[in-house]
Amino acid sequence: QNSATKIYSMLNGEFINYIKNTNANSVFYLLSWINKKNKRNYIIQFCYIKILITNLLDDDDVYAELSQEQKLSHYCSFIYEKKLEDKVYLYSSSKNGIINIWDLYKKVLINNININGSILCHIIQWDNKYAIVANYNGKSFKVINLETLSAENDIGDSHTKEVKSIKKIRHPLLGDSLLTAGNDNTIKLWSI
C-alpha cells in the first residue's frame, strides 16, 4: 500500500489518500486531465503495460484502463486538444519506439507513430504542429510533426550519454526554448 500513488493537499501539504490498486503497477509518469464533457478531474498514470485514468477525488471512478496487444512501458505523455473538432488526444511515448495516440473521449487507440530502434522517454507538445520526444538510446531528441504523424528531424548526438528529459521554457532573451537533460550530467539549452 505504501508504494501506491498518493494524493496530497497543495494548501497545507497534508496527505489525503492513496489511489487504490496503484501499488500493483510500476508508474512512470503522472498527468492531470479535466474532462470537459463530464466536468471531472482525472489523474492519468503511465505504467508498465497500461495507462490508468482515475477520478482524482473518487478512486472508485475508473474512467479507463488503456492497453494494447503489444506490451509497452508507457513513459510520458501530453494531451492535445482539437477544440474545433471537440476532440482530445493523448500522445504517449514508450520503450519500444512507438508514440501511441489515444482518443480520450472514445477511450481507444486511434493511431501511432513508429520510430524504430528508439527508446522514447519524455515527450512534450511544442505547439499545434510539433511535438518533441527524448530519444534515450540515440542520445538525441526527435521533432514529430503532429499533422503528418512522422518524425521530421533527429537532433543527433545532442548529449554524450542517454537523453532522459526535455522541457519547453520561455527564455527572457531567446523566447521559446528547449532544455534537454542527459545521463552525461548535463542540461543543454536549445533555441529555435
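Here is a short chat about the salt bridges in this predicted model.

Q: How many salt bridges turn up in the whole structure?
A: A search of the predicted model finds 7 of them.

Q: Which residue does Lys36 pair with?
A: Lys36 forms a salt bridge with Glu81, and their closest N and O atoms are 3.2 Å apart.

Q: And where do Lys36 and Glu81 sit in the chain?
A: Lys36 is in the loop between strand 3 (27-35) and strand 4 (40-47), while Glu81 is in strand 7 (residues 74-82). The two are 45 residues apart in sequence, so their pairing ties those parts together.

Q: What's the relative accessible area of Glu81?
A: It's 32%, so Glu81 is partly exposed.

Q: Is Lys37 buried or exposed?
A: Lys37 counts as exposed, at 53% relative accessibility.

Q: Switching topic: what do Asp176 and Arg170 do?
A: Their side chains meet in a salt bridge, 3.1 Å from N to O. Which other residue is in on it? Lys168: shared partners join Lys168, Arg170 and Asp176 into one network.

Q: How accessible are Arg170 and Asp176?
A: Arg170 is exposed at 65% relative accessibility, and Asp176 is partly exposed at 32%.

Terms used: Residues are numbered from 1 along each chain as its sequence is written. This is a predicted model: local features need pLDDT of at least 70, side-chain atom pairs count only at pLDDT 80 or more; totals for chains, interfaces and linings use all residues. Side-chain values use heavy atoms; hydrogens and water are left out. A salt bridge is a side-chain nitrogen of Lys or Arg within 4 Å of a carboxyl oxygen of Asp or Glu. Helices (H or I, at least four residues) and strands (E, at least two) are DSSP runs, numbered from the N terminus. Buried means under 20% relative accessible area, exposed over 50%, partly exposed in between (1.4 Å probe, protein chains only).
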